[in-house]
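Here's a quick briefing to read with the structure open. Have a look at the fold first, then work through the points below.

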Amino acid sequence: MFGFHYRLERKTIGLVLGIIGVASIGGFVEIAPLFTIHQTVEDAPDMRVYTPLELAGRNIYIREGCYACHSQMIRTLRDEVERYGPYSLAVESKYDHPMLWGSKRTGPDLARLGEKYSDDWHVAHMINPRAVVPESVMPAYAFLERTELRTDDLSKHLKAQRDVGVPYTDDMIANAAADAYGQAAPDSPAADGVTKRYGKATTVRAFDGKPSDLTEMDALVAYLQILGRLTDAAHKPVATAEKKP
Amino acid sequence: MVAELTKNERQGALVILLALAVTGLAMAAGGRGDPFGVHGALVLVVSIAGIFAVIGGYYAPEPSPDRLDSYYDTPTKFGIIAAMVWAVVGMAVGDWVAWLLAYPEWTFDAAWASFGRLRPVHTSGVIFGFGGNALIATSFYVMQRTSRARLPDQLTPWFVLFGYNLFCVIAATGYLMGVTQSKEYAEPEWYADIWLVIVWVVYFVLYLRTLNRRKEPHIYVSNWYYLAFILVVAMLHIVNNLAVPISWGSAKSYSLFSGVQDAMTEWWYGHNAVAFFLTSGFLGMMYYYMPKRAGRPIYSYRMSIISFWGITFFYMWAGSHHLHYTALPQWVQSLGMTFSVMLLVPSWVSAGNALMTLNGAWHKVRDDAVLRFMMVAAVFYGLSTFEGSFMAIRPVNALSHYTDWTVGHVHAGALGWVAMITFGAIYASVPWLWKRNGMYSAKLVEAHFWLALAGTIIYVFAMWNSGIIQGLMWRTYNESGTLAYSFVDSLVAMHPYYIARAVGGVFFLLGAIIGFYNIWMTIRTASQDETAHNTADHPVTEPAVGVPALQPGE
């Protein structure tokens, strides 16, 4: 063995091929089957995609690095299920490009945050976290309320999402900007389009309390309020959730 | 620097810089109103500055042919200074965000100053800025000496170094503007990733070209590690960063993978960034500088072989231990745990090999802070690889995951191992490179050593305490069978440890600043003995001395 190596280490190309070969095996064995084994991701026929406003909110969540302190993955441990709710299923992040499972809980898990608090609470919390949770160490995000949401490129966002596998329809892509506006302006004509395209259960509200203008606060709160609510697969008995078609 | 390039190389540099300027202009024009355009403007300005610099030196006389008789070390000098600049910047930002966790009001109501945007500036700054520059710089130094061959040309190493630092600057400024993929330790967006691939391929080819010019029949063990670092980081980087940009004029892209597959790909990348960036590369560094400084050959050639291939094979399986008890299928979690535990064997073989190399030189460890940096690095390498295998065991991970324990573990490795071996290697090479008798002040090296060690210990102990308290509080039930503590209770309990951690960080940062000053003064202070030079500086004219002879088994 060492004699073989004694000869191998005299050949650059031998070393290079050896390293590539040896280093490829682990990743290949662990990752490739995740795309082919059916049971890896459960079936959830009721799963819907993010609305353009929620997707914009998700991008703000990513932009501000929220994932560095908040996980979105409830583990299969008793205390986690009791603290945060039913453990997370793979299907729940099926449309998450990329996933935001996180690796650190400086703040609590957010996988089931949706509709746990009111919109007003979220807005107050974002403007000054210590106004509602005195012990909080979260940064304040007051600027979100002052910043108008960029909607002109939302169609491109949905289009790129479709390119990576999220089933957005042509209709959804064409109306992305209008739907973003409509979801935060319940009394406007655009609001109907949102429920038509994304389902009656879609939350249409003035998330930041001001229906007249569309801010980044609207988008972020809309996203926080949908967390854990794209499908209710996790609330069903396990056997149902894992059944094959 | 331009004077060291031949006429052809100066023309080549101009062509590359012009192409870069055109790319920057196109980015700036296509990305108006988007951070993408700001980065385009940055690329444009940098390339124009480069063009002026090359034109300014264009008519300087060509370098003398004598240069081919010695190694080409100017890029290494630049890389070492760049590494120290990034060290100070990255560690300062790291300590600042550590204080933010204790005093969250210090964000000035500004988006760029919030924890979430500054944290990746810290992580990328220290890992890629400090660590990456140190690796590239030392690899240039080591591959020339262990191959007894000069770099094949003068332009390519500069392309690698400048290109790599441009990547780092684009990454760091991008985070401040909110440009991030959110993939941990792979935050830079698609265009920065593509640029890094180009730089990395050139780096790899440069390495092969130098190895092919070698006058030593055997490739020294340091080079195996540097090669593994370059190759596997390329594999990881390309696969994990596959993404579709929303347009050619926008910084934003969407990852090709989603959900559970994305999680596995990300932690396959994330853990092996630790393995091949922060372990393999720095083991390459250790295998050269530690025997050189100690004046002892590597203890065991066979242990080097076993640990090298063991690390290269086992590490690639270990990433899934970041996803215990999650929605990742259990068979992958079990594989990850198993291989993580087995990984302890090659890791400790490496650490043992390093420490046994010091046999017969322990009096030097006592007297020489530079060698002591390297010794402590090997000890922390052994400690943190043990801790890593331990934390990968599923029930242990149930407690440690999501807590500060992970942060403490990472810093035991990053401060104790990576930074210590780097400081040791830099202190060893600065006098060699600038032809000085020694560092400007041995006392300051000593001060840096104790500050770094104290800072690391304070940091790691603070995080052990906070992490374990956190984990236990989250799972404590009271007598009536309900959870005893709210999340906020655990947060309040963290406060003193967050302050202790930030104080530990101040110690470490102070050490790095002192180190920077000491290096700067060493360079500025002319040597009393101008003729002093390292005997290993001439690849052709002098017989084989130093490292090649250190290989047992020959």
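How many Å separate the centres of domain 1 of chain B and domain 2 of chain B, taken over C-alpha atoms? The answer is 30 Å. Keep in mind that this is a predicted model.

**Chain B as a whole**

- Chain B has 17 helices and two strands in its secondary structure.
- The C-alpha trace spans about 85 × 65 × 45 Å along the principal axes of chain B.
- The radius of gyration of chain B is 24 Å, which agrees with a compact globule, because 554 residues packed that way would come out near 24 Å.
- Among the contacts in chain B with a separation of 6 or more, 82% are between residues 24 or more positions apart.

**Burial, surface and charge**

- In chain B, 65% of the 554 residues count as buried.
- Charged side chains in chain B come to 30 positive and 30 negative, with the centres of the two sets 7 Å apart.

**Two domains**

- Domain 1 of chain B covers 1-63, and domain 2 covers 74-527.
- Where the two meet, 19 residues of domain 1 of chain B are in contact with 21 residues of domain 2 of chain B.

**Two methionines in chain B**

- Met420(B) sits in helix 15 (residues 404-433) of chain B.
- Is Met420(B) buried or exposed? With a relative accessible area of 0%, Met420(B) is buried.
- Leaving out residues up to four places away in sequence, Met420(B) touches Phe373(B), Val376(B), Ala377(B), Leu415(B), Ala452(B), Leu453(B) and Thr456(B).
- Met303(B) belongs to helix 9 (residues 301-314) of chain B, and counts as partly exposed because its relative accessibility is 22%, where the cut-off for buried is under 20%.
- Val349(B), Gly352(B) and Asn353(B) are what Met303(B) touches, again not counting residues up to four places away in sequence.
- Ala354(B) is 51 residues from Met303(B) in sequence, and the C-alpha to C-alpha distance is 10.0 Å.

**The loop between helix 9 and helix 10 of chain B**

- Tyr325(B) is found in this loop, and has a positive phi of about 65 degrees although it is not a glycine.
- A relative accessible area of 17% makes Tyr325(B) buried, since the limit is under 20%.
- Thr326(B) is in this loop too, with helix 10 covering 330-342.
- Thr326(B) counts as buried, at 8% relative accessibility.
- Which residues does Thr326(B) touch, not counting residues up to four places away in sequence? In chain A they are Met73(A), Arg75(A) and Trp101(A), and in chain B there is Gln333(B).

**The loop between helix 4 and helix 5 of chain A**

- Pro98(A) lies in this loop, between helix 4 (78-84) and helix 5 (119-127).
- The peptide bond leading from His97(A) to Pro98(A) is cis, and its omega is near -10 degrees.
- Glu115(A) has its place in the loop between helix 4 and helix 5 of chain A, with a positive phi of about 60 degrees although it is not a glycine.
- For cover, Glu115(A) counts as partly exposed, at 34% relative accessibility.

Methods: Residues numbered from 1 in each chain as written. Chains lettered and ligands numbered in written order. Predicted model: local features only at pLDDT ≥ 70, side-chain atom pairs only at ≥ 80, totals over all residues. Heavy atoms only, no water. Helix = DSSP H or I, 4+ residues; strand = E, 2+ residues; numbered from the N terminus. Rg over C-alpha atoms; globule rule 2.2 N^0.38 Å. Buried < 20%, exposed > 50% of the residue type's maximum accessible area, 1.4 Å probe, protein only. Contact = heavy atoms within 4.5 Å. Lys, Arg positive; Asp, Glu negative; His and termini not counted. Charge placed at Lys NZ, Arg CZ, Asp CG, Glu CD. Domains from an automatic or database assignment.
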